[in-house]
Amino acid sequence: MSKMNVVRRCYNCGAVLQDKKKGKEGYISQEILSEAPLNEILFCEKCYNEARYNIAPQEASVSNDFLTMLLDAQATEATIVYLLDLFSFECSFNSKLTSLIQRLPIMVIANKRDLMPEEANDDDLKEYVAHRCRVAGLKVVKDDVVLMSLHSVSDMKDIYKLLEEKRRRHDVYIIGASGSGKSFFLSSFLHGFTNNSLRSIVTGNYPGTNLRTMQIPLDSSSMIYDTPGTGIDNSFMGKADFTLQKQIFPSEPIRLRKIILHKDDSIFIGGLARIDLIGYEEKKHCQINCFFSSDVSLKKVGERKDMDEYFVKCLESGALSPSSNIIASKLTDFDVFDIAVEEEGSRDIGIAGLGWINFQGDKQTFRIYVPKGIGAYASRAKVKIKC
Ligand SMILES: Nc1nc2c(ncn2[C@@H]2O[C@H](COP(=O)(O)OP(=O)(O)OP(=O)(O)O)[C@@H](O)[C@H]2O)c(=O)[nH]1
Ligand SMILES: [Mg+2]
């Protein structure tokens, strides 16, 4: 009887894999091609090299003009008010930006506290934020972090006092990702503020750049700058249109949803992302605490051989809500990351601008599907849930 061989193809571009002609379509080294088990996903060398950048979480982008402005802040020993969005947290960090403000006095405002689930605890949130800032190279301790809900802020007296102490009559730059709440912060801050200097408020380009800033005199020699938001192109909020933004951005505190997973089960997060538990001890189960806007449907799918086809079928039929044809309509529109959990204790896996899951670390391996260019990350828990 004739034998049929499986033809192995690149998972990303679909080219037939070959190990003979380096530099030509579908090339992969002979070692990998011959040794990889049949069920292992393979990439041709070209796609692998391109995709490697996606293995690390995508970093938010920052323009050269913005970095030029921060060089000024550095030279004048200005104070930085760093607005971080607790919901869309990871898009606030960019390594070039943080290296420029490393030595400056920093006040960290962790905003949108009102959207955190009722299980959230202020001390844990502050510690989480401070820890992530330290990972980014900033000297921030828990007590430097101020939690805020700018929608409901009424009294800024304490912030004002703290900032006056920190800035020692130097300039202040309010920075942060687009939509993190900088302008809200500034208007609350200025509420009740009297301009005693003889200078007036100026809106215009920051000197030597194309950055639109608002410059408000704090005294006769110093200013506070409201700066344009840094890029959120690594986040759902940066890619979604207005309708989708309204669905994925919570309008009230996020409600915890619990899902139990066994090995090879999946969660479809709307039609926007997917999390598979691909490695876990047989017969054990794992409680997944999900934190997404209530308009984002979570569909648990038990183990099935045709999981990919099923996901695509659900995407195409519009059964998953919300979804977006512009962001992702077929499997190759997604980046795929495997996260092998080595730590114990309460852990998170998050998707920038969409939400996060929490679980007890127990040597699981998760496979995460996110639309290309969107950051995914693994970290300690933002909100610790006891299972
Ligand atoms: N739920 C909630 N929403 C907030 C809070 N602060 C700001 N927002 C919302 O976040 C959005 C952006 O706020 P802005 O103050 O304009 O943000 P920004 O950082 O100045 O944005 P850019 O100027 O675009 O960089 C607005 O729709 C606000 O309503 C908050 O504490 N809680
Ligand atoms: Mg603004």
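## A threonine in strand β6

Thr-213 lies in strand β6 of this predicted model, and with a relative accessible area of 2% the residue is buried. The side chain of Thr-213 makes a polar contact, at 3.2 Å, with the side chain of Gln-215. When residues up to four places away in sequence are set aside, Thr-213 touches Met-69, the residues Val-202, Thr-203, Gly-204, Asn-205 and Tyr-206, and also Asp-226, Thr-227 and Pro-228.

## Met-69 and helix α3

One of the partners of Thr-213 is Met-69, which has its place in helix α3 and is buried, with a relative accessible area of 0%. Apart from residues up to four places away in sequence, Met-69 touches Tyr-173, Tyr-206, Leu-211, Thr-213 and Thr-227; Tyr-206 and Thr-227 are also among the residues that Thr-213 touches. The C-alpha atoms of Met-69 and Gly-208 are separated by 8.5 Å, although these residues stand 139 residues apart along the chain.

Helix α3 itself covers residues 64–75, and its 12 residues reach 17 Å from the first C-alpha to the last, close to the 16 Å expected at 1.5 Å a residue. The buried residues of α3 are Phe-66, Leu-67, Met-69, Leu-70 and Ala-73. Seen down the axis of α3, these buried residues fall within an arc of 155°, so they line one face of the helix. An α-helix has 3.6 residues a turn, so residues three or four places apart point the same way. What covers the buried residues of α3 includes the strands β1 (79–85), β4 (172–176) and β6 (212–217), together with helix α4 (95–101). The face of α3 turned away from its buried side carries the exposed residues Asn-64 and Ala-75, and just after the helix Glu-77 takes a positive phi of about 50°.

## The loop between β1 and α4

Ser-88 lies in the loop between β1 and α4, two elements that are also among those covering the buried residues of α3. With a relative accessible area of 5%, Ser-88 is buried. Leaving aside neighbours within four places in sequence, Ser-88 is in contact with Ser-235, Met-237 and Gly-353; in the case of Met-237, 149 residues away in sequence, the C-alpha atoms are 8.1 Å apart in space.

## Surroundings of ligand 1

Ligand 1 is surrounded by 16 residues, of which the closest are Asp-114, Leu-150, Lys-182, Ser-183 and Phe-184. A polar side-chain atom of Lys-182 lies 2.6 Å from an oxygen atom of the ligand, and a polar side-chain atom of Ser-183 lies 2.8 Å from an oxygen atom of the ligand. The backbone also takes part, in that a polar backbone atom of Gly-229 is 3.1 Å from an oxygen atom of ligand 1.

Cys-91 is buried, with a relative accessible area of 3%, and Cys-314 counts as buried at 6% relative accessibility.

## Two further buried residues

Val-301 is found in strand β12, which runs over residues 298–301, and counts as buried at 5% relative accessibility. Apart from neighbours within four places in sequence, Val-301 is in contact with Asp-265, Ser-266, Phe-268, Met-307 and Tyr-310. Val-301 and Phe-311, which are 10 residues apart in sequence, are 9.5 Å apart in space from C-alpha to C-alpha.

Asp-19 lies in the segment before α1 (30–35) and has a relative accessible area of 19%. Buried means under 20% relative accessible area, so Asp-19 is counted as buried. The side chain of Asp-19 makes a polar contact with the side chain of Lys-20 at 2.9 Å. Not counting residues up to four places away in sequence, Asp-19 touches Tyr-27, Ile-28, Ser-29, Gln-30 and Leu-33.

Note on methods. Residues are numbered from 1 along each chain as its sequence is written. Chains are lettered from A and ligands numbered from 1 in the order in which they are written. This is a predicted model: local features need pLDDT of at least 70, side-chain atom pairs count only at pLDDT 80 or more; totals for chains, interfaces and linings use all residues. Side-chain values use heavy atoms; hydrogens and water are left out. Helices (H or I, at least four residues) and strands (E, at least two) are DSSP runs, numbered from the N terminus. The expected span of a helix is 1.5 Å times one less than its number of residues. Buried means under 20% relative accessible area, exposed over 50%, partly exposed in between (1.4 Å probe, protein chains only). The arc is that of the directions from the helix axis to the C-beta atoms. Contact means heavy atoms within 4.5 Å. A residue is near a molecule or strand if one of its heavy atoms lies within 4 Å of it. A polar contact is a pair of N or O atoms within 3.5 Å; within protein, one must be able to donate a hydrogen and the other to accept it, and residues adjacent in sequence count only if both atoms are side-chain atoms.
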